[in-house]
Amino acid sequence: MLYVLLLFAMAFGVSAAADESISIPGGDAERGRTLFFSCKACHELAPADIRTTDDSKLNLFGLFGRRVGFDPNYNHYSAALKDADFIWTEDRLDQWLKSPNSLLPGNKMPFSGIMKAQDRLDLIAYLRQFKADPPPDALMTIK
């Protein structure tokens, strides 16, 4: 039976060891909320009108659709993030959460990544709930 599974995996390019990027929507937002507790030391989730005055925390509220390295209330971006040229999407965030240094070498986020795809999917599902409605046009523009 194991031999048949290995042949199937080889024939269709499936790797049991590979942990690929998330390509489908879903995730358990409640579990993601629990996972976010480890992010709270450096990040917050609050609309601009009720956010804290602690500018050392990057606000992830409305992250999706926002240009990377752009939050007018956060001044601690690394050069790698300031110079990057993309919009945060679920796929990009998945890549970042898996390995920030692989996505943007030279960033200064002290985080090695989340290896389990389900953990990333759950965290993304949680963050998806905190969207700006609608995202400001300036945040959607590539520099």
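This is a predicted model: local features need pLDDT of at least 70, side-chain atom pairs count only at pLDDT 80 or more; totals for chains, interfaces and linings use all residues.
Guide: Residues are numbered from 1 along each chain as its sequence is written, and side-chain values use heavy atoms, with hydrogens and water left out.

Visitor: Why is Asn107 called buried?

Guide: Buried means under 20% relative accessible area, exposed over 50%, and partly exposed in between, with a 1.4 Å probe and protein chains only. Asn107 has 8% relative accessibility and therefore counts as buried.

Visitor: What makes the link between the side chains of Asn107 and Asn101 a polar contact?

Guide: A polar contact is a pair of N or O atoms within 3.5 Å; within protein, one must be able to donate a hydrogen and the other to accept it, and residues adjacent in sequence count only if both atoms are side-chain atoms. The side chains of Asn107 and Asn101 are joined at 3.1 Å, a polar contact. The side chain of Asn107 also reaches the backbone oxygen of Pro100 at 3.1 Å.

Visitor: How do you know that the buried residues of helix α4 lie on the same side?

Guide: The buried residues of α4 (residues 90–98) are Leu93, Asp94, Trp96 and Leu97. They cover an arc of only 165° around the axis, so they are on the same side of α4; the arc is that of the directions from the helix axis to the C-beta atoms.

Visitor: Which helix gives the most to the lining of the largest pocket?

Guide: Helix α4 does, with 3 residues.

How values were computed: Helices (H or I, at least four residues) and strands (E, at least two) are DSSP runs, numbered from the N terminus.
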